[in-house]
Amino acid sequence: GDGEAGMRFALLATIREFGREQLDARAETGATVGRHADYFQHFAAEAGDRLTSPAAAGWLAGVDAELDNLRGALGWTTATGDRAAGLRLAHGLWRYWLHRGHLREGLGWIQAVLDQPPGPVPDDDQVLIRVLAGAAQLATLLAAYAEATAYCERALELARALGRPAEHALVLNARGRLAKARDQYAESAADHQAALRLARSA
C-alpha cells in the first residue's frame with residue numbers, strides 16, 4: 001500500500017544519506033575506510049556461514065557487537081557504488097537481519113545495493129541469487145508479497161539459467177514460504193518438495 005511504499009522510500013533515503021556520510025569519511029581517511037569495509041566483508045561472510053551452524057548464538061552476538069561497523073561498511077559500498085562488495089555484505093547479513101527481526105532495515109540495505117549499477121567487478125551470480133532469496137524471505141515476513149514475488153522470480157530465472165541446483169532449491173524454499181504466507185498451501189508444498197529433490201541432487 002501507499003504507507004508501505006512511503007516507509008520503504010524513507011528508509012532508502014536514510015540509507016543513501018548514511019552512504020553519503022561514509023563517502024565524506026572517504027575524503028578524510030582514504031584507503032583506511034576501504035580496508036575497514038574489506039575486513040567487514042570477510043567478517044560478514046563468515047558470520048553468514050556460521051548462522052546456520054550450532055555456533056549460531058555466538059555469531060549473532062558477534063554481529064550485534066559489530067553492527068555499527070557493518071552498517072558503516074554497507075554505507076561505504078553504496079556511497080562508492082561498489083555493488084559487488086555490497087552484495088557480499090548482504091549475503092553474509094540477511095540471515096542475521098532475519099534472526100534479529102531487523103526485516104525492514106535488512107530489506108532496505110539489500111534494495112540499496114541492488115539499485116547500484118553494475119560496476120567493473122561483475123556480480124557473483126551465486127551470491128546474487130542467495131541475496132535475492134534472502135530478500136524474498138524478509139519481504140515475505142513484512143507481508144510485502146509483491147516485492148517478495150519479484151525477488152523470487154528474478155532469483156529463479158538466474159538459478160535456472162546457471163544450472164545451480166543448490167541455489168535453485170534455496171529460492172524454491174523462499175517461494176514456498178511466500179506461498180504459505182499467502183495461504184497457498186498446495187503451491188507451498190510443491191515448491192518445498194521440488195526444493196528437497198534439488199537439494200538431494202546437489
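Why are Phe40 and Phe43 separated by about one helical turn? They are three residues apart in helix α2 (residues 31-50), and therefore about one helical turn lies between them. Keep in mind during the tour that this is a predicted model.

**Stop 1: the aromatic rings**

Select Phe40 and Phe43 and show their side chains. Both residues are buried. Their ring centres are 6.0 Å apart and their planes are at 70°, so the pair is edge-to-face. The cut-off for that label is an angle over 60 degrees.

Phe43 has a relative accessibility of 15% and counts as buried. Trp59 counts as buried too, at 19%; the limit for buried is under 20%.

Together with Phe40, Phe43 and Trp59, Tyr39 makes up one aromatic cluster. Over the whole structure, a search finds three aromatic pairs.

**Stop 2**

Select residues 56-65, which are helix α3. Which residues of this helix are buried? They are Ala56, Trp59, Leu60 and Val63. These residues cover an arc of only 105° around the axis, which puts them on the same side of α3. Turn the view to the face directed away from that buried side, where the exposed residues Ala57 and Ala65 are found.

**Stop 3: Thr77**

Move to helix α4 (residues 67-80) and select Thr77. Is Thr77 buried or exposed? Its relative accessible area is 1%, so Thr77 is buried. Its side chain reaches the backbone oxygen of Leu74 at 2.8 Å. Leaving out residues up to four places away in sequence, Thr77 touches Asp82, Ala85, Gly86 and Leu89.

**Stop 4: the nonpolar core**

The largest nonpolar core has 55 residues, and the members that touch the most others are Leu70, Trp97, Ile110 and Tyr151. Helix α7 (residues 125-141) supplies the largest share of this core, 10 residues.

Select Trp97 to look at one of these members in detail. Apart from neighbours within four places in sequence, Trp97 is in contact with Leu74, Ala90, His102, Leu103, Gly106, Trp109, Ile110 and Leu138.

**Stop 5**

Go to the loop between α5 (83-100) and α6 (103-114) and select Gly101. Gly101 has a relative accessible area of 47% and is partly exposed.

The next selection is Ala143, in the loop between α7 and α8 (145-162). Most residues other than glycine have a negative phi. Ala143 is not a glycine, yet its phi is positive, near 60°. At 45% relative accessibility, Ala143 counts as partly exposed.

Finish at Asp183, in the loop between α9 (165-181) and α10 (185-201). What is the phi of Asp183? It is positive, about 65°, although Asp183 is not a glycine. Asp183 has 54% relative accessibility and counts as exposed; the limit for exposed is over 50%.

Note on methods. Residues numbered from 1 in each chain as written. Predicted model: local features only at pLDDT ≥ 70, side-chain atom pairs only at ≥ 80, totals over all residues. Heavy atoms only, no water. Buried < 20%, exposed > 50% of the residue type's maximum accessible area, 1.4 Å probe, protein only. Helix = DSSP H or I, 4+ residues; strand = E, 2+ residues; numbered from the N terminus. Arc of directions from axis to C-beta. Polar contact = N/O pair within 3.5 Å; in protein donor to acceptor, adjacent residues only side chain to side chain. Contact = heavy atoms within 4.5 Å. Core = buried A, V, L, I, M, F, W, Y, C linked by side-chain atoms within 4.5 Å. Phe/Tyr/Trp six-rings, centres within 6.5 Å; stacked < 30°, edge-to-face > 60°.
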